[in-house]
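Me: I would like to learn how to read salt bridges and surface patches in a model. Please take me through them step by step.

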Amino acid sequence: MKRKHILIFLVVIAMGMTACSSDSKEDTVSVETDSRQETEKEETADTEAAEIETNPVEPSQPEILEEDGKVSPDPIAGIVEKYEGSKVTIRTPEDDMLYYFSTENAQILEGYSTENAQAAEGDSPIAVGDKVEISYRGLIDFDEAHPSEAVKIVVITVE
């Protein structure tokens, strides 16, 4: 009788262990399947986002990125206060601050807006009093002796 109870006890324990281990395997498979589905969804979303972010109109323009050493995501718009040599100083009407930029390697465009701007012909079209939008590289340095590097300057023309 004792052997019978011990045998039944062992069978119940074995079945319980088998049942527990099969549940955890099903959970593992289900988690792996969910992870794969989420990964595939993320890859699809990343691909779609990359397709949306491409700009077929201006492929020769620098990629606009954040962080030090890269092009600013938003240009600074302001009025030219001073333009001498390869340095331009602009004042922004919103905060009445002065910003200093080096124009040595900048692409200078002109137009009615940033969207329809074209390369400037002849001498530099930048003059004191002009409204400009400047895309720059790196972080803004408010030091006149060490101006930020302008990448693209759009002189907004008015007719």
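Predicted model: local features only at pLDDT ≥ 70, side-chain atom pairs only at ≥ 80, totals over all residues.

Me: How many salt bridges does the structure hold?

Reply: A salt bridge is counted when a side-chain nitrogen of Lys or Arg is within 4 Å of a carboxyl oxygen of Asp or Glu. The structure holds 4 salt bridges.

Me: Which residue forms a salt bridge with R91?

Reply: The partner of R91 is E81, and their closest N and O atoms are 3.2 Å apart. R91 lies in strand β2 (residues 87–91) and E81 in strand β1 (residues 76–84), so this pair ties together parts that are 10 residues apart in sequence.

Me: Are R91 and E81 buried or exposed, or in between?

Reply: The reading rests on relative accessible area: under 20% is buried, over 50% is exposed, and partly exposed is in between. R91 has 26% relative accessibility, so R91 counts as partly exposed. E81 counts as partly exposed too, because its relative accessibility is 37%.

Me: Where in the chain are K82 and E144?

Reply: These two residues form a salt bridge, with the closest N and O atoms 3.1 Å apart. K82 is in strand β1, while E144 is in the loop between β6 (131–137) and β7 (148–156). The pair links distant parts of the chain, 62 residues apart. K82 is partly exposed, at a relative accessible area of 33%. E144 is also partly exposed, and its value is 38%.

Me: Which residue does E149 pair with?

Reply: E149 forms a salt bridge with R137, and the closest N and O atoms of the two are 3.5 Å apart. E149 belongs to strand β7 and R137 to strand β6, so the pair links distant parts of the chain, 12 residues apart. E149 has a relative accessible area of 31%, which makes it partly exposed. R137, at 31% relative accessibility, counts as partly exposed as well.

Me: Which residues do salt bridges that share partners join into one network?

Reply: Bridges with shared partners join E81, R91 and D96 into one network.

Me: Now the surface. Which residues make the nonpolar surface patch?

Reply: For such a patch, nonpolar side chains with over 30% relative accessible area and no salt bridge are joined within 5 Å. Here I6, F9, L10, I13 and M17 make a nonpolar surface patch of about 520 Å². One of these residues, L10, is found in helix α1, which spans residues 2–53.

Conventions:
Residues numbered from 1 in each chain as written. Heavy atoms only, no water. Patch = residues over 30% accessible without salt bridge, like charges linked within 9 Å, V, L, I, M, F, W, Y side chains within 5 Å. Areas by Shrake-Rupley, 256 points an atom, 1.4 Å probe, with all protein chains shown as cover. Helix = DSSP H or I, 4+ residues; strand = E, 2+ residues; numbered from the N terminus. Buried < 20%, exposed > 50% of the residue type's maximum accessible area, 1.4 Å probe, protein only.
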